[in-house]
Amino acid sequence: MPYRSTIFAATLMATSALAGAASAATLAEATIPLNVRSGPGPQYAVIGAIPVRGKATIIGCIQDSLWCQVSYNGHEGWAYAQYLTANLSGRSLVIAEDPEQVPRVIYTEAPVTSGSAAVRPPRIVGTFVRSDPARQPLVLSPPPTVRTYVTSHPVDPVYLDGEAVEGLGLPEEVAINPVPGYDYDYAYVNSQPVLVDRATRRVTYVYR
């Protein structure tokens, strides 16, 4: 169902310890290479990316959601707040884990912006599997021939809640497909091709 254009925007109440900063821009830092999408969800097109430790301005976030509207390099879009941190009063806060501590505008629904048409959400089939935080993602540099094969042999995409990043696991209901002569399989997740370790089902590389 398309998002309605009516939104409710409210800043933090005066009783909040951070109310004085509610009208100030909130700078957030990406902890991974993070997609910027045209709308608040994995079904929207990727229109850019924030690099690791890149800083974006939070414009607003949807209430009870992990999607925030951001501005990066002069362009506006939407990013997944699980991978954004903000420094306030000397503390680094993950926005998704402690949203009330981040001064920002709250949307009860996604605002309609120019050039961002409403999209009928696809069925979300599951969520990414969190891996052991002590295990670092593999540093993989797939050869160009692998990219050529993966992009020239697209498969039906599946949509999972969140963003595809290196190190996360795919649930069993997501089919993975072999790349001839290569050690890793592939899938299209949230409209992006990813390489997958067939033994652990962990995402090892994301094509952006």
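Which elements of the protein have the lowest and the highest mean pLDDT? Strand 1 (residues 9–10) has the lowest, at 28, and strand 13 has the highest, at 98. Here pLDDT is the predictor's confidence in each residue, from 0 to 100. Strands (E, at least two residues) and helices (H or I, at least four) are DSSP runs, numbered from the N terminus.

This is a predicted model: local features need pLDDT of at least 70, side-chain atom pairs count only at pLDDT 80 or more, and totals for chains, interfaces and linings use all residues. Residues are numbered from 1 along each chain as its sequence is written, and side-chain values use heavy atoms, leaving out hydrogens and water.

**Confidence**
- The protein averages a pLDDT of 79, and 72% of the residues score at least 70.
- Over residues 1–23 the pLDDT is below 50.
- Where pLDDT is low, the predicted coordinates should not be read in detail.

- Four strands form an open sheet in the order 13-14-15-16, with antiparallel pairing; strands pair if DSSP finds at least two bridges between them.
- Strand 13 (177–178) and strand 16 (203–206) are the edge strands, and each pairs on one side only.
- Strand 14 (residues 185–189) and strand 15 (residues 192–196) run antiparallel, joined by 5 bridges.
- Y186 stands opposite L195 in strand 15.

**Two loop residues**
- Most residues other than glycine have a negative phi.
- D64 is not a glycine, yet has a positive phi of about 60 degrees.
- D64 sits in the loop between strand 5 (55–62) and strand 6 (67–72).
- N73, also not a glycine, has a positive phi of about 55 degrees.
- N73 lies in the loop between strand 6 and strand 7 (75–80).
- D64 counts as exposed because its relative accessibility is 80%.
- N73 is exposed too, with a relative accessible area of 63%.
- Exposed means over 50% relative accessible area, buried under 20%, and partly exposed in between (1.4 Å probe, protein chains only).

Notes:
Contact means heavy atoms within 4.5 Å.
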